[in-house]
Amino acid sequence: MMKKIAWFATKGTGSNETLRMESLLSQQPGAVEWPFDRADKWGSFKRLWKLAREQRPDLVVMEGTGIAGGLLCLMARISLRIPYVFSSGDAVGPFVRAQHPLVGWGFEIYERLLCWYCAGFIGWTPYLCGRAMAFGAPRAVTAEGWVIGGDTKEPSRATIRAQWGIPESAIVVGIVGNLAWNPRHQWCYGMDLVRAARQLRRTDLFVVVVGSGDGLPHLRREASDLLGGRIVIPGPVSLAHVMPTLCAMDVGSLPQSVDGVGAYRFTTKLPEYFAARLPVITNRIPAAYDLAPDAMWRLPGKFPWTPESTQALVRLLDALSPAMIRKKSESLPASDTGNFSKSVQARRIGAFVEELLNDNVIP
């Protein structure tokens, strides 16, 4: 008899995380998506709770760690004896605590409860799997992600650079990401590049920060008179245009804190950077040694917003040459094999879920 699996993503139906989970469960014919509206989280919680009571699936799978979705999983597990698996790309407690110290301790307890009651955990990194098992998750498996937006090369590198006003001969260092502002640290993705660009001696290196979020006006304010010149902040691009945008760059930026937040991450940028053949500037996180260490520059400093890290970035960018970039690029692994292979991860998660269902284990 075919097992029934209900899944949803707390980031919302149609998001990149929905596409991720749809692919990871593609080998499960009984997997059905439960729509989740991020703009109406508690309305979604009520609808999903109703579905859980009516349909009684054999397993619920959640991508994300949002409170509304997590509460649904916990209630279904405790009240209805429906096991659940959840997937996460962040250490929840430290992530929230970095922005809201007092609230973060509550999320630390919430994260431990999710792990304690789950039937299994899908981590975006092996480090997160270890954390979840330390918190009580009985099983764990890693799914590192892949290039979700496809690998189209149109529009061309030359076309995009022309739109940015950047000459083909220039060196471009950039990032594509969610520009969420952290008021506590006055920082978001790309801020390290913008601040470093303002201190460069050279004029043939350009910084590009692509994305949307409440950090966008802060970045543009910091760029000041260099905005539209050596600093380009064009705003967001569609998922289909992420890869062409990255292919117009020479080096990818992946600033991460070396603590309980950043040290657990790969982020979805790495498979995209590797597919675009971009060497990476990052900090001294575990992934920088575990994944293509010869293709990365590792900056000192515990946090990318510290003067130590900024000055190290300035020194690197001032010294960066095409020959250095080529040497790093040659060390990049193939983007569609090993850690970042979509088919490999789908088979891995398929086996994990199948065995969990067959064992019929409810911790």
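Glu 168 is partly exposed, with a relative accessible area of 45%; here buried means under 20% relative accessible area, exposed over 50% and partly exposed in between (1.4 Å probe, protein chains only). The structure is a predicted model, in which local features need pLDDT of at least 70 and side-chain atom pairs count only at pLDDT 80 or more, while totals for chains, interfaces and linings use all residues. Residues are numbered from 1 along each chain as its sequence is written, and side-chain values use heavy atoms, with hydrogens and water left out.

Glu 168 takes part in a salt bridge with Arg 157, the closest N and O atoms being 2.8 Å apart. A salt bridge is counted when a side-chain nitrogen of Lys or Arg lies within 4 Å of a carboxyl oxygen of Asp or Glu. Arg 157 lies in helix α7 and Glu 168 in the loop between α7 and β7, so this pair ties together parts that are 11 residues apart in sequence. Helices (H or I, at least four residues) and strands (E, at least two) are DSSP runs, numbered from the N terminus. Ala 170 and Met 249 are 79 residues apart in sequence, and their C-alpha atoms are 9.6 Å apart in space.

In total, the structure holds 16 salt bridges. One of them joins the side chains of Glu 108 and Arg 131 (3.2 Å, N to O). Glu 108 lies in helix α5 (residues 101–117) and Arg 131 in helix α6 (residues 126–134), so the pair ties together parts that are 23 residues apart in sequence. Both Glu 108 and Arg 131 are buried. Another salt bridge is formed by the side chains of Glu 144 and Arg 348 (3.1 Å, N to O). This pair links distant parts of the chain, with Glu 144 in the loop between β6 (140–142) and α7 and Arg 348 in helix α15, 204 residues apart. Glu 144 counts as buried at 6% relative accessibility, whereas Arg 348 counts as partly exposed at 28%.

Aromatic contacts were examined next. The structure holds 10 aromatic pairs. Rings of Phe, Tyr and Trp (its six-membered ring) are paired if their centres lie within 6.5 Å; planes under 30 degrees apart count as stacked, over 60 as edge-to-face and the rest as tilted. The ring centres of Phe 8 and Phe 36 are 5.7 Å apart and the ring planes are at 15°, so this pair is stacked. Phe 8 lies in strand β1 (residues 5–9) and Phe 36 in the loop between β2 (31–33) and α2 (41–55), so parts that are 28 residues apart in sequence are tied together. Phe 8 and Phe 36 are both buried.

For Phe 274 and Phe 340, the ring centres are 5.7 Å apart and the planes are at 70°, so the pair is edge-to-face. Phe 274 belongs to helix α11 (residues 269–275) and Phe 340 to the loop between α14 (322–329) and α15 (342–359), so the pair ties together parts that are 66 residues apart in sequence. Phe 274 is buried, with a relative accessible area of 1%, and Phe 340 counts as buried at 5%. Through ring pairs, Phe 274 and Phe 340 are linked with Tyr 127 and Phe 266 into a cluster.

Two arginines are placed over tryptophan rings. The criterion is that NZ of Lys or CZ of Arg is within 6 Å of the ring centre and within 35 degrees of the ring normal. The charged end of Arg 20 sits over the ring of Trp 124, 4.1 Å from its centre, and that of Arg 97 over the ring of Trp 105, 4.3 Å from the centre.

The structure holds zero disulfides, a disulfide being a pair of cysteine sulfur atoms within 2.5 Å. Cys 118 is in no disulfide, and the nearest cysteine sulfur, that of Cys 115, is 5.8 Å away. Cys 118 counts as buried at 0% relative accessibility. Cys 129 is likewise in no disulfide, with the nearest cysteine sulfur, that of Cys 115, 10 Å away; Cys 129 is buried at a relative accessible area of 7%.
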